[in-house]
Amino acid sequence: MGEKPAFRDKSRFAPKPKAPKPRLPDDTDVLYGLHSVKEAFANPRRRFRRILATENAVQRLTEDGVILPLAPELVKPEAIGKLLTPDAVHQGLYVEAERLPLLPLGKLPRDRIILALDQVTDPHNVGAILRSAAAFDVGGLIVTHRHSPEITGVLAKAASGALEHVPMAGVQNLARALTTLKDEGFSVIGLDSEAPEKMGDLALKLPLVLVLGAEGRGLRPSTRELCSHLARLELPGAIRSLNVSNAAAISLYAVQQAITRS
């Protein structure tokens, strides 16, 4: 019989574990991608800590007339990729900046629509809602400190620069915040796919808060009870419900039209 093969130490051939990503301070916004970063650079309220960029990205910013707030670290694309999730489209730009301060509830403007989110937790959806909010010149977005997504690079990328244009107000308790706003004269309009009223039929005026609930669950009972109106979007097609970010855009248009008619 032949000799048994010598034992091979398989651990020598195992892939080396990836080094953990450095933990950033809690007050840090991570931004990446051309639109998000350009809008941040144009925001005078932003304070930047670090910029990583490829040579191509710096050249593109220069051609667009963008002035960098501090000298970038020139890196290869893969160096940025290691700091982000595998599916992140960074376009050669990565920025660490101080987080923008949350707006106090009492500072929300009365001459523009205000949005409030009732436990909408997906960062892609919240980013897309912010983008629509910026397009409709929304005066602020109310989110709760719990049951809402962190302001991450994913959210900022989905917002495509809108994070710089729509102030966010953080509250501990949404019901308490809505009660406060009602006491100050705000109407509270809740979007509900089963509501008897159509959003487009409402006669509305400012100041006003439009409240959106999480997909599937919708508005919580405690939120519904505080609404001045519960209204639905009238959809003629076979699918009668929309992704919350799409519903936000259509609702903002309907509310804006209702205000204009009043």
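Colleague: Does Ser-36 count as buried or exposed?

Modeller: Buried means under 20% relative accessible area, exposed over 50% and partly exposed in between, computed with a 1.4 Å probe on protein chains only. Ser-36 has 4% relative accessibility, and therefore it counts as buried.

Colleague: What kind of model is this?

Modeller: Residues are numbered from 1 along each chain as its sequence is written, and side-chain values use heavy atoms, with hydrogens and water left out. Local features need pLDDT of at least 70, side-chain atom pairs count only at pLDDT 80 or more, and totals for chains, interfaces and linings use all residues, as this is a predicted model.

Colleague: Which backbone oxygen does the side chain of Ser-36 reach?

Modeller: Ser-36 lies in helix H1 (residues 34-41); helices (H or I, at least four residues) and strands (E, at least two) are DSSP runs numbered from the N terminus. A polar contact is a pair of N or O atoms within 3.5 Å; within protein, one must be able to donate a hydrogen and the other to accept it, and residues adjacent in sequence count only if both atoms are side-chain atoms. At 3.0 Å, the side chain of Ser-36 reaches the backbone oxygen of Ala-156.

Colleague: In which sense do E5 and E6 pair?

Modeller: Both belong to an open sheet of seven strands in the order E7-E6-E5-E10-E8-E11-E9. Within the pair, Ile-114 stands opposite Gly-140 in E6. The three bridges between E5 and E6 run in the sense called parallel.

Colleague: Which residues of E5 point the other way from Ile-114, Ala-116 and Asp-118?

Modeller: In a regular strand the side chains alternate between the two faces of the sheet. Five of the five residues of E5 are buried, so this strand is largely enclosed by the rest of the structure. Pointing the other way from Ile-114, Ala-116 and Asp-118 are Leu-115 and Leu-117.

Colleague: How far apart are the end C-alpha atoms of H4?

Modeller: The expected span of a helix is 1.5 Å times one less than its number of residues. H4 (residues 123-135) has 13 residues and should therefore span 18 Å; this agrees with the distance between its end C-alpha atoms, 18 Å.

Colleague: At about what angle does H4 run to E5?

Modeller: Axes are lines fitted to C-alpha atoms, for helices over the stretch in contact (heavy atoms within 4.5 Å), and angles run from 0 to 180 degrees between N-to-C directions. H4 lies across E5, E6, E7 and E10, and its angle to E5 is about 170°.

Key
Two strands pair if DSSP finds at least two bridges between them.
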